[in-house]
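Please read it with the structure in view.

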Amino acid sequence: MPYENIIVETRGPVGLITLNRPKAMNALCNALVAELGRALDAFEADDEIGAIVLTGSDKAFAAGADIKEMASKSYMDAYLEDFITNGWERVTRCRKPVVAAVAGYCLGGGCEMAMMCDFILAGENARFGQPEITLGIIPGAGGTQRLTRAVGKAKAMEMVLTGRMMDAAEAERAGLVSRIVPVGELLDEAIKVAERIASMSRPTVLMAKECVNAVFETSLAQGVKLERRLFHSTFATDDQKEGMSAFVEKRSPAFKNR
């Protein structure tokens, strides 16, 4: 089935998904979210793909959820269809790492979608925000939760209560993004980072991602215990044997993802 709201490509071991609603600044409509889920399912099932990049345009990653689809909803409409829940959380369930390459506006649902990814590379012109308060609503796709975890209560509270946008430099200082890259180099750098991830042992990458994500769900003692058990389990992989042998023999490892 063809995609109408996204562009899906493969770049070697990297799956690339580009949000593609230019006239709506990539607003996240129901159809786009459904297509995104299908594309992620396909990349997750493809053994040749080791990491995924999610991006938009130079002007906008995504300017938010599609307000035209939301404006007429009643409380009962939103509640009965479990609006936002269906499909939106698919990114968070990806086992393979997902890198967000964000340029331009990344607002509302767009900011929430970027925060669902494993980390964000930001173009110099990126602007992040949760402006829902200006529409008489609050963030509904994790904005109050993930933003607070990323930047702390004070900054998140100010942004959520005022709708103020954060530029790329502030976002990097606050810990929302991992690095800032010139806009013209953003996609190439994101692909390069994803290729490096994909070059590592696949099971070890999945374990590492699981451990880091556990920080937000467990106590320190529980998290360290999970880390230790998964660390032990890496010694059951062929890739651990290959990686350590390659180090001793001063050569590059040839991981088999086993």
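With which residue does Lys192 form a salt bridge? The partner is Glu189, with the closest N and O atoms 3.8 Å apart.

1. Ground rules. This is a predicted model, where local features need pLDDT of at least 70, side-chain atom pairs count only at pLDDT 80 or more, and totals for chains, interfaces and linings use all residues. Residues are numbered from 1 along each chain as its sequence is written, and side-chain values use heavy atoms, leaving out hydrogens and water.

2. The count. There are 14 salt bridges in the structure. The term means a side-chain nitrogen of Lys or Arg within 4 Å of a carboxyl oxygen of Asp or Glu.

3. The helix pair. Lys192 and Glu189 both sit in helix 9 (residues 186-199). They are three residues apart, about one turn of the helix. Helices are DSSP runs of H or I, at least four residues, and strands are runs of E, at least two, numbered from the N terminus. Lys192 is exposed at 51% relative accessibility, while Glu189 is buried at 18%. Buried means under 20% relative accessible area, exposed over 50%, and partly exposed in between (1.4 Å probe, protein chains only).

4. Glu89 forms a salt bridge with Arg146, their closest N and O atoms 3.4 Å apart. The pair links distant parts of the chain, 57 residues apart. Glu89 lies in the loop between helix 4 (85-88) and strand 5 (98-102), and Arg146 in helix 6 (residues 143-151). Glu89 is partly exposed at 25%; Arg146 is partly exposed at 24%.

5. Also check these. Arg251 pairs with Glu249 in a salt bridge, at 2.7 Å between the closest N and O atoms. Lys155, Glu158, Arg164 and Glu170 form a salt-bridge network.
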